[in-house]
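Hello,

Here is the structure I promised to pass on. Please open it alongside this note, and my findings follow below.

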Amino acid sequence: MNEGKDAMVPLDVPRGARKEYIDRYSALTAGRGRLMLFAGDQKIEHLHADFHGEGISPDDADPEHLFRIADRSKIGAFATQFGLIARYGEDYRNVPYVVKLNSKTNLVKTLQAEPLSGTLWSVDDVAALRAESDLNILGVGYTFYIGSEHEAIMLREAAQVVHQAHHYGLPAILWAYARGRAVPVEKDPPVIAGAAGVAACLGADFAKVNYPDGPDAPERLKEVVAAAGRTKVICSGGGRMEVEAFLRRLHQQIHVSGTSGSATGRNIHQKSLEEAVRFSNAVYAVTVEDASVRDAMSIYWGDLGA
Amino acid sequence: MNEGKDAMVPLDVPRGARKEYIDRYSALTAGRGRLMLFAGDQKIEHLHADFHGEGISPDDADPEHLFRIADRSKIGAFATQFGLIARYGEDYRNVPYVVKLNSKTNLVKTLQAEPLSGTLWSVDDVAALRAESDLNILGVGYTFYIGSEHEAIMLREAAQVVHQAHHYGLPAILWAYARGRAVPVEKDPPVIAGAAGVAACLGADFAKVNYPDGPDAPERLKEVVAAAGRTKVICSGGGRMEVEAFLRRLHQQIHVSGTSGSATGRNIHQKSLEEAVRFSNAVYAVTVEDASVRDAMSIYWGDLGA
Amino acid sequence: MNEGKDAMVPLDVPRGARKEYIDRYSALTAGRGRLMLFAGDQKIEHLHADFHGEGISPDDADPEHLFRIADRSKIGAFATQFGLIARYGEDYRNVPYVVKLNSKTNLVKTLQAEPLSGTLWSVDDVAALRAESDLNILGVGYTFYIGSEHEAIMLREAAQVVHQAHHYGLPAILWAYARGRAVPVEKDPPVIAGAAGVAACLGADFAKVNYPDGPDAPERLKEVVAAAGRTKVICSGGGRMEVEAFLRRLHQQIHVSGTSGSATGRNIHQKSLEEAVRFSNAVYAVTVEDASVRDAMSIYWGDLGA
Amino acid sequence: MNEGKDAMVPLDVPRGARKEYIDRYSALTAGRGRLMLFAGDQKIEHLHADFHGEGISPDDADPEHLFRIADRSKIGAFATQFGLIARYGEDYRNVPYVVKLNSKTNLVKTLQAEPLSGTLWSVDDVAALRAESDLNILGVGYTFYIGSEHEAIMLREAAQVVHQAHHYGLPAILWAYARGRAVPVEKDPPVIAGAAGVAACLGADFAKVNYPDGPDAPERLKEVVAAAGRTKVICSGGGRMEVEAFLRRLHQQIHVSGTSGSATGRNIHQKSLEEAVRFSNAVYAVTVEDASVRDAMSIYWGDLGA
Amino acid sequence: MNEGKDAMVPLDVPRGARKEYIDRYSALTAGRGRLMLFAGDQKIEHLHADFHGEGISPDDADPEHLFRIADRSKIGAFATQFGLIARYGEDYRNVPYVVKLNSKTNLVKTLQAEPLSGTLWSVDDVAALRAESDLNILGVGYTFYIGSEHEAIMLREAAQVVHQAHHYGLPAILWAYARGRAVPVEKDPPVIAGAAGVAACLGADFAKVNYPDGPDAPERLKEVVAAAGRTKVICSGGGRMEVEAFLRRLHQQIHVSGTSGSATGRNIHQKSLEEAVRFSNAVYAVTVEDASVRDAMSIYWGDLGA
């Protein structure tokens with residue numbers, strides 16, 4: 001554990017905000033340099049499809065499900081939109097939040113128009129909410145798409161979100177993706193490494209990236225981790241997977257590829273509350289607590305309490 | 001009646017504005033958690049066609065007709081554009097207003113260009129008007145279209161309208177629609193549920209949605225209500241309908257699907273003043289006062305006074 | 001004469017500016033509720049073609065011609081661009097001005113690109129000019145085109161021009177037109193009524209509209225007047241017409257259709273100074289002074305002095 | 001000589017800046033109402049082609065050539081970009097400057113994309129430079145293209161450049177052109193007159209226009225001068241011409257067509273320093289000093305010293 | 001050596017910032033008027049491809065490699081993005097930095113969409129970082145593309161970046177390129193000269209240009225140097241080259257063509273740390289210290305220490 005190194009404070013965090021930055025970074029990573037992010041921005045990103053249908057627990061029909069999970073399970077932070085946090089936060093004061101500042105729906109496909117996801121709230125809005133509400137807001141998040149014809153807009157917003165977050169002593173997570181007609185294969189390893197490198201240049205504390213396609217994914221993910229340098233890489237959980245396979249892949253990401261965390265959304269919240277909590281704790285154990293897959297499965301099966 | 005829960009104050013309402021927010025929310029919903037909205041923004045949205053022609057009362061030719069109805073009937077609020085409110089408000093001081101901040105005409109069709117409805121006035125403009133005029137302004141409204149190529153502009157404006165309204169202790173209603181070449185069926189239930197979920201993520205107090213198409217509409221509307229969580233769903237009245245069928249559908253929305261109100265426009269104002277007032281009162285009775293369809297029909301027929 | 005009603009002050013005029021608003025409104029309408037507008041923004045709108053050629057007086061070649069006419073004839077106000085007013089105003093201090101804040105040329109046709117006319121000066125610029133120069137500026141003007149793909153830009157600017165003008169106690173006139181590929185017939189009566197209704201929603205004090213096409217124009221124009229409600233309708237003079245026919249049509253607009261004024265440009269300034277003054281006075285007599293066409297023709301023929 | 005009239009101060013020049021405006025206007029026109037402008041913005045407008053090649057003096061390869069000419073010859077003002085003035089101004093303090101605020105290259109042709117030339121520096125930047133450096137800056141310049149689909153952007157910037165320049169007591173020159181797919185013949189006389197009229201409406205002190213095509217150019221240019229009213233017209237020098245023909249045409253512009261100056265670029269700076277100075281002085285003599293073509297030719301041939 | 005001339009201070013550097021400007025300019029050029037720039041913005045510009053693959057040292061996989069090289073070798077400045085500097089700067093306080101303010105990826109090709117590279121951070125952000133961190137930031141950089149349909153955006157940003165940098169006493173380097181469908185041959189000498197001239201007009205202290213194509217490149221580069229005037233030209237290193245050929249070409253640029261420096265990226269950082277340091281020192285020796293190619297090769301081979 002190299003706390004000092006992990007919480008190395010970027011120089012655009014003003015002196016007066018360094019302690020807050022370090023405290024929040026430590027809280028996000030439990031002082032172990034690894035972030036377990038419960039990513040819950042899908043109500044805009046994927047609309048209704050992620051919350052209703054075959055194989056999805058009826059619990060997931062209510063947006064409060066996400067807050068209940070976040071409240072009862074071990075997580076580094078729960079990332080969701082400002083509007084939901086403002087609405088539910090009073091009843092979920094223990095939850096550590098990352099405020100997601102942009103989102104787009106998936107209705108317009110890339111073949112119709114190049115992707116553009118614009119900021120919905122400013123970092124100033126977040127800082128004011130935090131000051132007024134005393135919610136436990138630990139960071140902010142923003143998605144960019146390199147390879148979009150609107151790339152210039154998103155790179156600028158991403159750079160400014162990070163810089164302004166640092167101004168307030170808030171760590172920033174960039175969802176770093178490649179998308180657009182110019183990007184034939186979004187999960188091509190060099191493309192992912194490129195996106196991670198861009199996140200590093202933009203000053204991100206964490207880059208949330210896609211898991212690479214292909215049989216040599218663990219190896220190629222190392223390249224991604226290297227390309228991001230001191231910007232810590234966390235992998236998206238992606239679509240629904242069988243639990244053990246999910247945890248095995250996650251374990252590999254952390255211990256083989258060297259990622260610094262995980263970002264899991266649908267694989268958590270599409271389960272019933274009780275199962276989601278157990279699964280979330282299992283993900284946390286692998287991500288942060290160096291648990292083996294076997295131990296994590298035990299947590300999932302409920303042999304070990306939270 | 002669960003007043004406390006219904007008026008739960010979002011955390012981006014500053015402490016100093018919480019009482020005003022609660023008072024306005026209660027006024028909008030008569031302390032019963034249900035909003036009967038008289039929606040009158042069609043002079044821009046639908047131009048002349050909604051106010052003149054066969055089956056439309058000659059009374060509707062004059063925009064003041066809307067204010068006369070709002071003045072004489074029971075409503076939660078009358079939603080219309082800032083310009084009309086500034087012009088007629090002095091003579092209609094009893095009317096509770098929701099200021100509609102954006103609108104577009106229906107001249108350019110979706111096949112020609114993707115829909116874009118931009119803010120015409122800011123929430124600051126509304127707050128200044130309220131302070132200067134002491135009009136009974138209870139909230140603001142904004143329409144967004146997910147699935148439009150201009151979605152990013154509207155989602156940002158919607159998020160900011162809500163957030164700034166809350167800053168002033170004003171509830172915000174989002175007209176939550178899906179429209180664009182990417183949206184083949186605007187009234188497809190999952191699309192409506194998706195739009196309602198987006199409104200929730202943007203922090204809306206109320207989401208005004210389309211009534212779903214299809215025979216299982218009441219059931220599917222439940223899904224929409226669930227997807228919106230603590231953001232309250234109200235259904236659009238839609239095009240002209242026969243009175244009893246309208247009230248029956250409304251009763252079903254409230255008591256079967258669990259919506260928290262109604263938004264009625266053309267079905268009210270295309271009638272003569274006297275009939276419009278009776279009909280509006282009937283809609284109010286079903287929406288807010290738990291009246292049966294039979295009781296509401298009696299109100300409409302004038303057996304029971306307002 | 002119902003002065004009180006005509007000068008009803010919109011509520012977005014601050015208390016401290018109400019007296020100025022009423023004074024200017026009365027000055028524009030000679031306390032009779034009718035505005036005779038000498039519309040002179042064609043040097044941008046129509047370029048050289050309106051000022052030179054067969055049937056156009058050589059006097060019209062010099063832009064000062066417009067100021068000379070405005071100075072010597074009876075008018076409610078002379079509307080032209082800020083730049084010309086700043087240049088000539090010192091020598092024409094008696095002229096009542098309406099500052100036209102946007103304009104576009106007619107070079108790019110609708111089939112090539114959708115119309116967009118953007119603000120060139122702000123209402124703040126006008127207020128500063130008025131304060132500094134003490135010119136007799138009575139209002140501001142702005143053109144919008146519903147049915148253009150750029151409608152959202154113009155509706156926002158129009159709404160803000162009106163609102164900001166009211167802030168300074170200045171009445172606002174909206175040139176309310178429909179134009180774009182989506183508008184096959186610009187002078188279709190329902191389209192004109194729609195544009196007038198939009199102007200009302202945007203808070204305009206006056207809506208300058210096209211005269212409808214068709215044999216039942218006087219009747220259909222009534223609909224337009226009704227649709228605008230308390231926003232007063234004035235009709236464009238349109239292209240060159242024979243004098244008596246022009247005055248007859250104008251008389252009909254005022255006394256049959258119920259418009260509250262007239263906006264005449266080319267029919268005035270394409271005449272020689274002396275004839276233009278006589279004609280302008282005749283237009284004024286019909287518009288404001290309840291003169292008969294016969295009386296107005298006498299003024300035009302010079303039998304009656306100004 | 002009608003100094004009073006020529007320096008008539010537009011009303012958007014604040015009282016406190018009127019003296020400065022008059023002084024600068026007089027300096028620009030040598031108190032004779034005529035401006036000889038040495039126009040040197042071609043390093044962006046025409047790139048390398050104007051400064052290197054057959055028939056162009058090797059002196060012209062160095063941008064300092066322009067400053068040397070401006071320093072040693074009689075001119076009303078030297079117009080060039082802010083960046084060059086900031087770089088060379090210290091060594092050329094005697095030169096009277098007009099700061100050109102926008103420019104575009106000629107790489108993208110009109111058939112590929114509609115022309116857009118945007119402000120590069122603000123009038124505030126110019127005022128700050130003047131205050132800080134005490135350079136002899138007498139005015140600002142801006143190019144607009146009517147007939148471009150981006151016309152709305154440029155008309156707004158042009159209007160604001162003029163208005164803000166006046167705020168600081170600085171005269172403003174508009175390069176008034178028509179260009180775009182909608183403009184088949186840029187040098188058609190009515191098109192030029194239209195552009196000059198637009199410049200007048202935008203408040204320009206001087207409009208720099210193209211010399212009309214056609215045999216009746218001198219006559220048609222009168223129309224242009226008339227259309228601009230109190231906005232003074234100066235003609236572009238255009239492409240390379242034989243000296244005597246150039247001066248003859250210029251003499252005709254001033255004394256037949258009634259223009260108030262000249263704008264010469266390539267015809268000056270493509271000559272060697274020594275020849276350029278003689279030629280510039282000849283242009284000045286015709287433009288400002290009422291010299292005959294014969295006298296001007298003597299100056300050019302060096303018979304008469306500066 | 002003409003220090004006075006080289007550090008001639010542009011007039012938009014305020015008096016109070018002149019000393020800082022001169023100090024930084026001297027530091028950038030070692031008081032000899034020549035800048036050796038280690039250009040390291042490729043993690044956005046070229047993504048992963050420049051940092052991984054055949055012929056690239058594994059050292060280059062980690063972004064810190066760039067900082068290690070910059071720390072241990074002789075350079076005028078290391079140019080890279082703000083985000084990386086903020087992240088690594090604390091550990092590399094000796095490095096002289098140029099903050100690159102814009103960047104785009106190479107995913108979207110010119111045939112798909114015209115190039116646009118927008119500012120990611122403002123000069124104010126850089127000034128605040130410098131003040132807060134006391135890092136050795138000597139200047140800022142910005143890339144523009146003439147010939148792009150988005151040229152107007154980039155020329156404006158470039159002009160403002162230079163002007164604002166000067167406000168803070170910071171020299172500014174413009175990456176001056178031509179790119180777009182309108183530019184068939186980016187490395188055509190007149191096109192390069194044009195871009196350099198534009199950089200001069202925009203006020204750049206240094207213009208980083210492409211090395212011309214063709215056998216007469218050294219001669220044509222002279223033209224470029226002349227066209228830029230007092231704006232100093234430095235040549236891009238371009239793609240990977242054999243060491244001696246690289247140094248020979250560089251020597252020619254400095255001593256034949258008269259450039260004032262070099263900008264080298266991939267040719268440095270794709271080597272192992274130790275080789276990169278030796279090569280960087282060799283480049284520095286040729287660029288700044290008037291070393292012969294033979295001497296520089298000795299440095300590269302390690303015969304001479306740094």
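Predicted model: local features only at pLDDT ≥ 70, side-chain atom pairs only at ≥ 80, totals over all residues.

A crossing of two helices is called right-handed if the near helix is turned clockwise from the far one by less than a right angle, and left-handed if anticlockwise.

Chain E: two helices

By that rule, α8(E) and α9(E) cross in a right-handed way. Helix α8 covers residues 189–201 of chain E, and helix α9 covers residues 217–228. Their axes lie 8 Å apart, and the packing angle is about 20 degrees. Angles under 35 degrees count as roughly parallel, so α8(E) is roughly parallel to α9(E).

Which residues meet there? From α8(E) come E:Pro189, E:Pro190, E:Ile192, E:Ala193, E:Ala196, E:Gly197 and E:Ala200. They meet E:Arg220, E:Val224, E:Ala227 and E:Ala228 of α9(E). By class, the contact of α8(E) with α9(E) has nine nonpolar residues, one polar and one charged.

Chain A: one helix

Helix α2 of chain A has 12 residues, 18–29. At 1.5 Å a residue, α2 should span 16 Å, and its end C-alpha atoms are 16 Å apart, so the two agree. Which residues of α2(A) are buried? They are A:Tyr21, A:Arg24, A:Tyr25, A:Ser26, A:Leu28 and A:Thr29. A:Ala30 follows α2(A), and the phi of A:Ala30 is positive, near 55 degrees.

Chain A has no contact with chain C; their closest C-alpha atoms lie 18 Å apart. No contact joins chain A and chain D either, with closest C-alpha atoms 18 Å apart.

Best wishes

Conventions. Residues numbered from 1 in each chain as written. Chains lettered and ligands numbered in written order. Heavy atoms only, no water. Helix = DSSP H or I, 4+ residues; strand = E, 2+ residues; numbered from the N terminus. Expected span 1.5 Å × (residues − 1). Buried < 20%, exposed > 50% of the residue type's maximum accessible area, 1.4 Å probe, protein only. Axes fitted to C-alpha atoms, helices over the stretch in contact; angles between N-to-C directions. Parallel < 35°, antiparallel > 145°, perpendicular 65-115°, else oblique. Contact = heavy atoms within 4.5 Å. Nonpolar A, V, L, I, M, F, W, Y, C, P; charged D, E, K, R; others polar.
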